[in-house]
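Work through the following exercises with the sequence and the coordinates side by side.

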Amino acid sequence: MARRPDATSPPKPLIRHRDAAPGAGTVYAVHPGALPVGVWSGLAGALPEETGFAVLDLGAVPEYGEAALAPEVSRLTIDHLVGLLTAAYRADRDRTGAAGTDSVLVGWSFGGVLAHGMTERLAPEERPRGVVLLDSIAPVDAYQHTEGDEVEPALVLRWFAMFLGARRGAEVRPRPVPEGADADTALARLLEDAVAAGALPQGTPMAGIRKLFEAYTAGLLRNNRLTAPYRPAPATVPLVQIKAGDSLVPSDPTLGWSELAGHGITAHSAPGDHYTMLIRPDASQAIAGLVPPLRPAHLVTTRRPSP
């Protein structure tokens, strides 16, 4: 049985890469899983070396993983997750004695929803200078999906192909699925494409890719369930949306966040797809250049070389 959120000791989801130099600020990245938390080292290295960097990792929250594995007993909510992350953020700010305006929150994918929620949970003097959204879909009506209104299967297969490629360091370009094909036929076709691209080894059985796909879709459905009842407040800080060149939803420049941008939003692009934008050095450099500056003018603005 999944644990109830109020039945566990508070997790400690903050992973600190480096402290800020005196007078400089810190970037806090909200990581929703799917990829290893270490992928953030690319952005940490691309930011000015005096800028602090920390990750708020949902992988450290047991209830979050359990909500995908046992949704029928989970009581997890976005408000609960926001509360845990906000507490970790405040504890770190108290440790350093920093003010809210010398921080920026960066949220990738579902992490953008939580980064925005954290900002609106904080008191005005605690809020970050801005929120940077990395290919993050807004929790607005246009993008809500319930159990009875699932995401289009062909779209999920495209996203899953991106995920496989990023996890295995290979680009998977799935062929179009024939109209009327069932799920097994579509997965079998994707298996052939993934093997041909080197993302999966020769001889990978259908049961293997089906297990991966089921785990992937369980995570999507969990996030859909969490956002369905959630009604976010308009943003009280500026938003920056950085879409991947091969985004989850190519047609919308802000992925719905313009509806919530009470203090404005700017839309940009970074190389890669939804997953590789956290891995590619050129994407890390592009994202780092769009993060609102957190340094006084007298500090040197040297950037660390990307790994």
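Two residues are in contact when they have heavy atoms within 4.5 Å. The model examined here is predicted.

**Exercise 1.** Taking the contacts in the protein chain with a separation of 6 or more, determine what percentage comes from residues 24 or more positions apart.

*Solution.* As background, the protein chain has 8 helices and 7 strands, and 50% of its 307 residues are buried. The chain exposes about 13600 Å², of which carbon and sulfur atoms supply 55%.

**Exercise 2.** Decide how many residues of strand E2 (residues 26–31) are buried, and which residues lie on each side.

*Solution.* Begin with the cut-off, since a residue counts as buried when its relative accessible area is under 20%. By this criterion 6 of the 6 residues in E2 are buried. Next, separate the faces: in a regular strand the side chains alternate between the two faces of the sheet. One side of E2 carries Thr26, Tyr28 and Val30, the other Val27, Ala29 and His31, and both faces are covered.

**Exercise 3.** Identify the strands with which E2 pairs, and in which sense.

*Solution.* First, E2 pairs with strand E3 (residues 52–57) in the parallel sense over 6 bridges, where Val30 has Leu56 as its bridge partner. Second, E2 pairs with strand E4 (residues 103–108), also in the parallel sense, over 5 bridges, and here Tyr28 stands opposite Leu105.

How values were computed
Residues are numbered from 1 along each chain as its sequence is written. This is a predicted model: local features need pLDDT of at least 70, side-chain atom pairs count only at pLDDT 80 or more; totals for chains, interfaces and linings use all residues. Side-chain values use heavy atoms; hydrogens and water are left out. Buried means under 20% relative accessible area, exposed over 50%, partly exposed in between (1.4 Å probe, protein chains only). Helices (H or I, at least four residues) and strands (E, at least two) are DSSP runs, numbered from the N terminus. Two strands pair if DSSP finds at least two bridges between them. Accessible areas come from the Shrake-Rupley method with a 1.4 Å probe; for residues, only the protein chains shown count as cover.
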